[in-house]
Amino acid sequence: MHSQHIFSHTAMTPIVGRKATGLVAATFTPLTPEGEINLSEIRPYVDYLLEQQGVKSIFVNGTTGEGMSLTVEERKLLAVEWCHQGKNKLEQVIVHVGCMSLKDSQELARHAAEIGADGISVISPSFFKPATAALRMFLQEVAAAAPAMPFYYYHIPAVTGVNLRSRDVLEGIANQIPSFQGLKFSGSDLMDFGQCVNYSPSHWSLLYGIDEQLLGALAMGANGAVGSTYNYLGSSVNRLMSAFDKGDLPKARTIQFQVQDILCYAINLGFDLAVNKQLMSEVSGLALGPPRLPLLPCPHPKALSIAQRLQQILGEQ
């Protein structure tokens, strides 16, 4: 991780950080069996991503990390440890700082800047659902609390229920947020995503977040991908991206279909974040612990069954 990649700027000159590309793991938050954050598991987690999956960037305290179920203080402690353990090892540590409260989001944004994160990201508030102009104002107010931090909007309508077109949110956003550097697009609307790519200046990163249809987003021009499955499927999806870059679509398709087969098997058994977290523990050997309420723990046999199916499918390649 590199703490500063910002050139001097005026209010109207865009900040240019190091462009986020490739695979970005949306990290799970390690908890103890009692449900407290478990910082000691983060160092081996970072090593596992680098050494076993070839994943060099992370997105922390997001949906996969149960960020909205954590306190502001817990999110700060986790961000510090992820940045500390990623220093000089990871290419990017992007910290999600979105909250229902503007003030909490601003506090986390300032903190991320202080600890040397590589970027911040903000999800739409979702209890009071904003219109497009109000969402842009919310994002602007958070970004202004850390004006030198590369800023990414996090679009995930299936979770927030905020069904705005990302392309509309991006309209003129660089004038409001000089530090704006891209989008984490976790939606299935590839037309909207394509319109975002078409609108974006070259220094923005367009990161796709629906793992099972990444190949379609790559064809639309995605610079990389942020997802939970890259915690344990990173090495396979790195091969998918490499095949796409070389123009080997049949190979890229084969790997994408394998990812889909694994996820279809999991969905048929009942697949949610709690199951996903337990699956990561099974595959990696890390002790990630249970989820936090309102998520319920996953029965071990279910996660084990998915892990075995995963190994079977990937063993066929």
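Helix α5 supplies the largest share of the lining of the largest pocket, namely three residues. Helices (H or I, at least four residues) and strands (E, at least two) are DSSP runs here, numbered from the N terminus. Please keep in mind that this is a predicted model, in which local features need pLDDT of at least 70 and side-chain atom pairs count only at pLDDT 80 or more, while totals for chains, interfaces and linings use all residues. Residues are numbered from 1 along each chain as its sequence is written, and side-chain values use heavy atoms, with hydrogens and water left out.

Let us stay with that pocket. Its volume is about 630 Å³, and 30 residues line it, of which T64, I156, G209, S228 and N276 are the closest to its centre. Two or more lining residues come from each of α5 (157–160), β8 (224–227), α11 and α12. By class, the lining has 13 nonpolar, 13 polar and four charged residues. Ala, Val, Leu, Ile, Met, Phe, Trp, Tyr, Cys and Pro count as nonpolar, Asp, Glu, Lys and Arg as charged, and the others, Gly among them, as polar. A pocket is an open set of points on a 1 Å grid over the protein atoms alone, where a 1.4 Å probe fits, with protein on both sides within 12 Å along at least five of seven lines; lining residues have an atom within 4 Å of a point. The volume is the space filled by probe spheres set on the points, which are joined across faces, edges and corners.

The second largest pocket holds about 220 Å³ of space. It is lined by 16 residues, and the closest to its centre are T63, M68, S69, I123 and V159. This lining divides into seven nonpolar, eight polar and one charged.

Next, have a look at helix α13, residues 300–315. Its 16 residues reach 22 Å from the first C-alpha to the last, close to the 22 Å expected, where the expected span is 1.5 Å times one less than the number of residues. The buried residues of α13 are A303, I306, A307, L310, I313 and L314. They cover an arc of only 130° around the axis, which puts them on the same side of α13; the arc is that of the directions from the helix axis to the C-beta atoms. An α-helix has 3.6 residues a turn, so residues three or four places apart point the same way. The face turned away from the buried side carries the exposed residues P301 and G315. Buried means under 20% relative accessible area, exposed over 50% and partly exposed in between, with a 1.4 Å probe and protein chains only. The cover over the buried residues of α13 includes α10 (230–245), α11 (249–269) and α12 (273–284). In the loop between α12 and α13 you will find P294, which a cis peptide bond with omega of about 15° joins to L293.

Finally, turn to helix α2 (residues 72–86), where K76 is found. K76 counts as buried because its relative accessibility is 17%. Leaving aside residues up to four places away in sequence, K76 touches E107, L108 and H111, contact meaning heavy atoms within 4.5 Å.

N61 lies in the loop between β2 (57–60) and α2, and N88 in the loop between α2 and β3 (92–96). N61 has a positive phi of about 65° although it is not a glycine, and phi of N88, also a residue other than glycine, is positive and near 65°. Buried or exposed? At 1% relative accessibility N61 counts as buried, whereas N88, at 65%, counts as exposed.
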